[in-house]
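The questions below take up one structure part by part. Have the sequence and the model ready while reading.

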Amino acid sequence: MTAVESGPAAGTQSGSHSGVGRFLGQSVKRREDARLVTGHGRYLEDVLWPDAAHVAFLRSPVARGRITTLDVSAAAALPGVRAVLTGAELNPLAKSFWQTAMGKDSPQPPRRLLAADDVRYAGEPIAMVLADSRYLAEDALELIDLDIDAQPAVVSDHRGVWGAAKDEELVHPEYGSNVASTLPYPGMPTENPALEEVLSSAAHVFEERFHQHRYICVPMETRGLQARWDPARDMLEIVSSTQNVHEVRSMVARLLGLSDLQVQARAEDVGGAFGLKCFVDKEELAVAAAAYSQQCAVAWIEDRNENLVAGGHSRTEDLTVTMATDADGKILGIKGHHVEDVGAYPTYGVGGNAGLAMMMLPGPYDVGQYFYSAEAVFSNTCGMTPYRGPFLMETVAREQLVDIAAAKLGIDPLEFRRRNMITPEQLPFSTPTGLVLETITPIETLDQAAEIIGYEDFRREQAAAREEGRILGIGFASYIEGSPAFGAAGAEQVTVRMDMAGKALVFMGSGSHGQSVETTMAQVVAEELGIDIDDVRIIQGDTTSAPYGTGTAGSRTATTFGGAARIAGQKLKEKILAVAAVALEASPDDLEVSDGVVSVKGTPGAAVTIEQVAAMAYAGHTMLPPEMEPGLEAKHRIRNPPLMFSNACHAAIVEIDRDTGAVDIKRYVVSEDCGNMINPMVVEGQITGGVVQGIGGVFYEHFVYDGDGNPLTTTFLDYLLPTAADVPDIEIGHVVTPSNTPGGFKPMGEGGAICSPPALINAVRDALAPFGGLPNVQPLTPEVVLDVIDGTAAV
Amino acid sequence: MKPAPFTYEAPTTLAEAVDVLGRYGDEAKVLAGGQSLVPVLALRLARFEALVDLNRVDELAYVREDDGAVVIGAMTRQATVEADPLVARSVPVLAEATRLIGHFQIRNRGTLGGSIAHGDPAAEYPAVVTALDATVTVAGPGGQRQIAATDLYDGPMTSTLSDDEILAAVSFPVWGPGSGFAVREMARREGDFATAGTVVGVTVADGKISRAAISLFGMGPVPLRARAAEAHLVGADASGLDLTEVGAAAVADVDPPSDVHASGRYRTRVASRLVARALESALQEANR
Ligand SMILES: Cc1cc2nc3c(=O)[nH]c(=O)nc-3n(C[C@H](O)[C@H](O)[C@H](O)COP(=O)(O)OP(=O)(O)OC[C@H]3O[C@@H](n4cnc5c(N)ncnc54)[C@H](O)[C@@H]3O)c2cc1C
């Protein structure tokens, strides 16, 4: 990773938002790393209760069918097996089954913990064995007598073949249709007549259908949960690998008809999640239900095979984009039609991402007239779950069409983008979907990316290489990252508590799973309080200590928790000054805090340490004025806008092996503007990780079903993740334009994954331009590429 | 992903290992580096009453010269093969192929014998032994016997060893002066099993090719020899060959499998080009 800082606003953060301080804006080393990279991380597996029964799920071997035999008696009789539960025992325990963020009444498929009577996707849990060890539990699985009368499955994405599932067979007969949801929502206009007018009269209209195949989260630590029902304490205690402990508590309490007070949930270190662990799915709930019904401790850690087959799937969609331009390539209107396969049981509601994709499809462009429609369909496959940049299809499709249109118009793709991007003069800019973009810098990031990668030089190099028969290409993509903070997610709290020793404990409802929250939030608080970062500790992931919150997801942590931490820190600092003012017999306005010492400005001799202030705030409360509450604690619950934005431009250079179709990524450049950076190193780490996932999605990762809904990529032998050897150095440039939220931060955690797929696909498309068009196929395997080169593509 | 129960046996000599294995017959399996066997057990794709661990049988780990051949014990780690000076000097293509096996962590555990006994049709070592006409020594209850590499495989991951036999050593004939070799493969990622690959060896004398071997891997149920293409090469002028034509001839009769990574059609096309590239490189080496 190479950081490049250039451009007028880049490099240093300064100005009214004072983005850079002793800790803020500095590449402070990650405090998590010392333990995480030396094997001292503590994951669920490391804290399993010795008396927990270990779970193995019996999972459906077929995609759809009726269960004709399910006899668990032999399994239950195996020594070491404590219980074998089926849907008949477990499902009646489920009183209520919905995700807080979706609400009680939003439509969803008929939920159940375990399959009963029929199965609806390969991998659906049918029974659960509770045994002394996972080994024994798996031995017992082999003793269960299961017969399924297989029925034709509804599968839309299989072996590279895609077609939205229709109503020949119903995935959920109770739902009455395989169409899970549609856009526009009922009652909204079904077309935009002004757009239709533009499409029929514009000089040029371009239309393409873009496909995105099924690829998935794959965290290093899989899902897992242990639960213990203790009737004596009237308490269900849970440890889960989750992004969101409060949701674990809420879901389990609702499911079992318990009160929130009867359930405690916490997380240890979480070894990655990427969206997979922001909701709570049936296996986790089944474990909690089993602990409750069996009145004991029960633990389940998903194995890799389960994680791939049944851990929740993502992407799997088509987006058709129609774009009208005038003769000079000025965009006049855009229309999108989105089709998503949400599988059988999407983890949240009906799973679709079209609602947000609709908001974001115009991206960083002034697109004129606009309309969007969508359809989400069920299939007999593993359900959809959020994956970093869940609605990224808008960027994937738009940025490809931009390149295609530019090529057809004979306009340079960068020039085409510049002509259509929202300019600084247009800010604040209201998009056709009603979003207000206030501080975006698409042209600046485009220019910076082009400069870093050396666009003009590359075009010369490419021309020369083509003469030699080498195949080189360059691709760009730009986007706006929209971070949703709807409902409670927009109102996160941070509590800063300083005990008598003058050290700050910071409590927050975040759920770091790789975002460096322990470092970045400590930077924010230490900066505000004027104490050393080592005197701050972040406490999260525990419903008994954290303020109510929605965890870490949706790129929100810096803006919501970071903003709240900043203000909570300011409030506590005021309190520190007020107490110190008593001790120093001075006015708080005349005091300053630095390096853990409060002193009278200009009179450094008149000083007390923060530790002394803290002691006085508690033990010396009799000395405080009567109206002053003793103690040193402050909290702030922020009110964030429902959507926050950052922007970036990605650029890639690829070279293709003419004989094999293998793609080598020679350079990868990102220019981003996430406002004030709390920690530039962490920003770059987030970008890099996201880009790697995009590389995986475009070139390697594909969860494949056959036409009968049987999963074919069930281990890492076939589900190919990118490795260090497949990833180039990622060069990153920063443009810094503070947002209007406290701290001037912007959301950026998902952008790497959002913008890299189209940048990479565009680079391959550019490289292959002399050979003809790229078919609507993903991933870009060597075979797909070679077929284009050899002219054998079955378009 | 937990294996079914098994008994663990850990003999310390080859004779003892053969003995223990004989007691279980087809109910036992030999454990070498475990890099292929353990995942199979963990996924419960196979189960055995006993595992006979060869990791304490020190006499099976060696590299030595013997009568014009390089003989390597079955339990020699792939990492050892990769770094061995005798291998580098006398069977350089074996070292070159080793670097294409997985990642260094896998080569630190994985063994030469394990890979060859396992017989994955997309693996490098089986293709090397097939191309070089190596000989395998196996030990069983009735003593030792030799199997020519080209007779070693029946089908995918099925060798002609019987259940009570242990692969003890592999003997690689050292090709004479004027020889050159190359291995080329296409893999989806660095370290993956090959989608398609080839091992090529040639000997050039007085400007003419006197010996040629081409094996293909990932191209059928077992590593294949491209006999027709080899015949076409022997006796031909080493310079001015139409490499593309040789590549095409090498794949003329193969019917490679299709899977999630590539179609058979792709494999055929790529293999022919890899043969051309490998041959070019082998000829260069032979002419040095
Ligand atoms: C991530 C990963 C990537 C890999 N990539 C590659 C690759 O690119 N190319 C490649 O070729 N391989 C690859 N492998 C496999 C690796 O090379 C293994 O080491 C090899 O296939 C088996 O060797 P082993 O010593 O581990 O044998 P084991 O796994 O212990 O045994 C494999 C089989 O051979 C039998 N066996 C072992 N030794 C003997 C013996 N002496 N006599 C009789 N039978 C025996 C066993 O009973 C078993 O059936 C990879 C493995 C992994 C985990």
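Q: Which residues of H16(A) does H15(A) meet?
A: In this predicted model, helices (H or I, at least four residues) and strands (E, at least two) are DSSP runs numbered from the N terminus. Contact means heavy atoms within 4.5 Å. From H15(A), the residues Ile576(A), Val579(A), Ala580(A), Val582(A) and Ala583(A) take part, and their partners in H16(A) are Ile610(A), Val613(A), Met616(A) and Ala617(A).

Q: How many nonpolar residues are in the contact of H15(A) with H16(A)?
A: Ala, Val, Leu, Ile, Met, Phe, Trp, Tyr, Cys and Pro count as nonpolar, Asp, Glu, Lys and Arg as charged, and the others, Gly among them, as polar. By these classes the contact of H15(A) with H16(A) has no polar and no charged residues, and its nonpolar residues number nine.

Q: Are H15(A) and H16(A) roughly parallel or roughly perpendicular?
A: Axes are lines fitted to C-alpha atoms, for helices over the stretch in contact, and angles run from 0 to 180 degrees between N-to-C directions. Angles under 35 degrees count as roughly parallel, over 145 as roughly antiparallel, 65 to 115 as roughly perpendicular and the rest as oblique. The axes of H15(A) and H16(A), residues 610–618, come within 9 Å and cross at roughly 90 degrees. The two helices are therefore roughly perpendicular.

Q: At what angle do H14(A) and H15(A) pack, and what is the hand of their crossing?
A: H14(A) covers residues 517–529 and H15(A) residues 557–584; their axes are 8 Å apart and the angle is about 30 degrees. That makes H14(A) roughly parallel to H15(A). A crossing is left-handed if the near helix is turned anticlockwise from the far one by less than a right angle, and right-handed if clockwise. For H14(A) and H15(A), the crossing is right-handed.

Q: How many charged residues does the contact of H10(A) with H18(A) have?
A: The axes of H10(A), residues 393–409, and H18(A), residues 751–767, come within 8 Å and cross at roughly 30 degrees, and the helices are therefore roughly parallel. Among the residues that meet are Glu394(A) and Asp403(A) in H10(A) and Arg765(A) in H18(A). Besides seven nonpolar and three polar residues, the charged ones in this contact number four.

Q: Which proline is joined to Gln778(A) by a cis peptide bond?
A: Most peptide bonds are trans. One cis bond joins Leu183(A) and Pro184(A), with omega about -5 degrees. Another cis bond, also with omega about -5 degrees, joins Gln778(A) to Pro779(A).

Q: What is the phi of Asp117(A)?
A: Asp117(A) is in the loop between helix H3 (87–90) and strand S5 (118–119) of chain A. Most residues other than glycine have a negative phi. Asp117(A) has a positive phi, near 70 degrees.

Q: Which residue has a polar backbone atom 2.7 Å from an oxygen atom of the ligand?
A: A polar contact is a pair of N or O atoms within 3.5 Å; within protein, one must be able to donate a hydrogen and the other to accept it, and residues adjacent in sequence count only if both atoms are side-chain atoms. A polar backbone atom of Ala32(B) is 2.8 Å from a ligand oxygen atom. At 2.7 Å, the residue is Leu37(B).

Q: How are residues, chains and ligands labelled, and at which pLDDT do side-chain atom pairs count?
A: Residues are numbered from 1 along each chain as its sequence is written, while chains are lettered from A and ligands numbered from 1 in the order in which they are written. Side-chain values use heavy atoms, with hydrogens and water left out; totals for chains, interfaces and linings use all residues, local features need pLDDT of at least 70, and side-chain atom pairs count only at pLDDT 80 or more.
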